[in-house]
Structures are given as C-alpha cells and as structure tokens.
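Please keep the sequence and the structure in view while reading.

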Amino acid sequence: MIDWDRLNELRRDIGEDDFLEVAELFVEELAEVMSRLAIAPATATQNDFHFLRGSAANLGFVEFASRCAAAEEALGTGQSIDFQSLCEIYTKSLAEAAGVLPTASQAA
C-alpha cells in the first residue's frame, strides 16, 4: 500500500529536519478532504480526487492514489464511485504509515 521508496524520496528531497512537518501537512490535508466527503460524498468533485491523488502520491500511498485517480476519471464520465471502498484504502494507508508519520493514526 505504501511506496516506501517514494516516502523516503520525499524525506531526502526536503531534508530530515522538515520531513515530518511537510508529511504531516499532507496527512492533515488528506484528512480534511476525506472528512468533508465522508459527511457528504455526493458533493465530491473531480478536483477533490485530483487533490487527494496528488497528496497521496507524494506520501507514497500508491493504492489510495490509484483509487483517487479512478474516482476522478469516473466522475468525469458521470459514473458513480465506491466511496466506502476508497475510505477503507485510505484508512489502511494511514495505519501502515503510522509508524513513520505519527499524525497518520490520528487522521484515520
């Protein structure tokens, strides 16, 4: 679920000192959008899933990013999405990353 090489690349790119702060910002932003969509999934837009996909990709959440890309595409063609399944992958991704990103366990 997590591309650890990507997460470590982010760590190298921004430096050890700033990594945790930047990564936790991504986690917080993901949590904000997912919380909003959990309340009203019918309000989801392609832009929401584009945003989620980008943040997830930066964190190495490959399966979640892939599902967000599929949801973005589905909404673009008028198809419905399985938001519950997306939430499950999101929660699993956060749980897997919790050892490296302490706020991930709080965001789930």
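This is a predicted model: local features need pLDDT of at least 70, side-chain atom pairs count only at pLDDT 80 or more; totals for chains, interfaces and linings use all residues.

Residues are numbered from 1 along each chain as its sequence is written, and side-chain values use heavy atoms, with hydrogens and water left out. Helices are DSSP runs (H or I, at least four residues), numbered from the N terminus.

**Helix H3**

- Helix H3 covers residues 46–59, and its 14 residues should span 20 Å at 1.5 Å a residue; the end C-alpha atoms are 20 Å apart, which agrees. The expected span is 1.5 Å times one less than the number of residues.
- Asp48, Phe49, Leu52, Ser55, Ala56 and Leu59 are the buried residues of H3 (buried means under 20% relative accessible area, exposed over 50%, partly exposed in between, with a 1.4 Å probe and protein chains only).
- Viewed down the axis of H3, these buried residues fall within an arc of 130°, so they line one face of the helix. The arc is taken from the directions from the helix axis to the C-beta atoms.
- The buried residues of H3 pack against helix H1 (4–14), helix H2 (16–39), helix H4 (62–76) and helix H5 (83–97); contact means heavy atoms within 4.5 Å.
- Gly60 follows H3 and has a positive phi, near 80°.

- Arg6, Leu7 and Leu10 are buried in H1. Seen down the axis of H1, its buried residues fall within an arc of 100°, so they line one face of the helix.
- Asp5 and Arg12 are exposed residues on the face of H1 turned away from its buried side.
- The buried residues of H1 pack against H2 and H3.
- Two packed helices are described by the angle between their axes and the distance between the axes.
- The axes of H1 and H3 come within 7 Å and cross at roughly 85°. Axes are lines fitted to C-alpha atoms, for helices over the stretch in contact, with angles from 0 to 180 degrees between N-to-C directions.
- H1 and H3 are therefore roughly perpendicular to each other (under 35 degrees counts as roughly parallel, over 145 as roughly antiparallel, 65 to 115 as roughly perpendicular and the rest as oblique).
- At this crossing, Arg6, Leu7 and Leu10 in H1 meet Ala57, Asn58 and Leu59 in H3.

- The 15 residues of H5 should span 21 Å at 1.5 Å a residue, and the end C-alpha atoms are 21 Å apart, which agrees.
- Buried residues of H5 include Phe83, Cys87, Leu94 and Ala97.
- The axes of H4 and H5 come within 9 Å and cross at roughly 155°. That makes H4 roughly antiparallel to H5.
- Glu63, Phe64, Arg67 and Cys68 in H4 meet Ser85, Leu86, Ile89, Tyr90 and Ser93 in H5.

**Two buried residues**

- Ser55 lies in helix H3 and is buried, with a relative accessible area of 4%. Leaving aside neighbours within four places in sequence, Ser55 is in contact with Phe26, Glu29 and Leu30.
- Glu72 lies in helix H4 and is buried, with a relative accessible area of 16%. Leaving aside neighbours within four places in sequence, Glu72 is in contact with Gln46, Phe49, His50 and Arg53.
- Glu72 and Arg53 are 19 residues apart in sequence and 8.7 Å apart in space, C-alpha to C-alpha.
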